[in-house]
Amino acid sequence: MNDLTGRCALVTGGSRGIGRAIALALAATGADIAVNYRERRDKAEAVASEIKELGRHAVALSADVALAAEVKRLVADAESALGPVGILVNNAGIARPVTLDTLDTPIWDETIALNLTSAFLVTQAVLPGMRTRRWGRIVNISSTAAQIGGIIGPHYAASKAGMIGMTHGYAKLLAGEGITANVVAPALIDTDMLRGNDRAQPSLVPLGRFGSVEEVAEVVVMLARNGYITGQTINVNGGLYMS
Ligand code: NAP
């Protein structure tokens, strides 16, 4: 298994939580990192500084990844700062817990745009370069909600299930070109997203605790390093869903 020295990784939503841990773990394995964020510039700059302290190159780049024009600029800026993106982690996401009575079309549309369309947009933007170089790793951060419904609602479960189908589509089409595409499906990981949702309780998890961001990040690193796993969903969920 190779280390990732000389590879450039783009991590969407890398300023906090799972994305931050993924950015740091990929950097520890040798990659240079473009840390995308939407609002919290200070946090993204802090992650980039930590990465530079590891001896890697890093840049913090704001972009709303649900918007095609911002994605285009994001990828162009990442590549001009760090070189061609070889590793893409589609991690940015939102979870709006609602009741069935309050779930409406704007919440549905926002969730699909931010959790699913965003991954499509960023993947499409980096793919031409990966295909030219015949090397790429795409890792999409889905959720156990795709498999068992989860604690947010149908809008969130649908967005995360869509990521799995999308990943299968890319994995199949790209398998002959040195590009893998996989899913990591976490559940109940201790982040701001979880802490904002009082439906999340450790007692829901067979292992009896929330997961750590590092436990998700190490699986992403494994998928970035491994060239023979594609089209798979790796579950990091404390036993909540067993495949
Ligand atoms: P989090 O703590 O809420 O962090 C979300 C990250 O996404 C932040 O970096 C945020 O940037 C960024 N972001 C949000 N909207 C964005 C947009 N439109 N464009 C670009 N960046 C955007 O979330 P998390 O818990 O780490 O979750 C990360 C991913 O894992 C999400 O896709 C989530 O659905 C998934 N997941 C989480 C859990 C869990 O238990 N935590 C379980 C399953 C799946 P700012 O800092 O600038 O706001």
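**Close-up 1. Who surrounds the ligand?** The shell holds 30 residues, with Ser 15, Glu 39, Arg 40, Tyr 156 and Thr 191 the closest; a residue is near if one of its heavy atoms lies within 4 Å. By class, 13 are nonpolar, 10 polar and 7 charged (Ala, Val, Leu, Ile, Met, Phe, Trp, Tyr, Cys and Pro are nonpolar; Asp, Glu, Lys and Arg are charged; the others, Gly among them, are polar). Helix H7 gives the largest share, 3 residues (helices are DSSP runs of H or I, at least four residues, and strands are runs of E, at least two, numbered from the N terminus).

**Close-up 2. The ligand's space is the largest pocket.** The ligand takes up the largest pocket, which holds about 1100 Å³ of space. Among its 43 lining residues, Gly 93, Ile 94, Ala 95, Thr 191 and Met 193 are closest to the centre. On a 1 Å grid over the protein atoms alone, a pocket is an open set of points with protein on both sides within 12 Å along at least five of seven lines, a cavity is a set where a 1.4 Å probe fits but cannot get out, and lining residues have an atom within 4 Å of a point. The lining splits into 22 nonpolar, 13 polar and 8 charged residues.

**Close-up 3. A cavity, too.** The whole structure has 1 cavity of 30 Å³ or more. Its lining includes Thr 12, Val 65, Asn 90 and Met 163. Helix H4 (residues 105–133) gives the largest share, 4 residues. Here there are 5 nonpolar, 5 polar and no charged residues.

**Notes.** Residues are numbered from 1 along each chain as its sequence is written. As the model is predicted, local features need pLDDT of at least 70 and side-chain atom pairs count only at pLDDT 80 or more, while totals for chains, interfaces and linings use all residues, and side-chain values use heavy atoms, leaving out hydrogens and water.

Definitions and conventions:
Sits in = over half its atoms within 2 Å of the grid points. Points joined across faces, edges and corners; volume = space filled by probe spheres on them.
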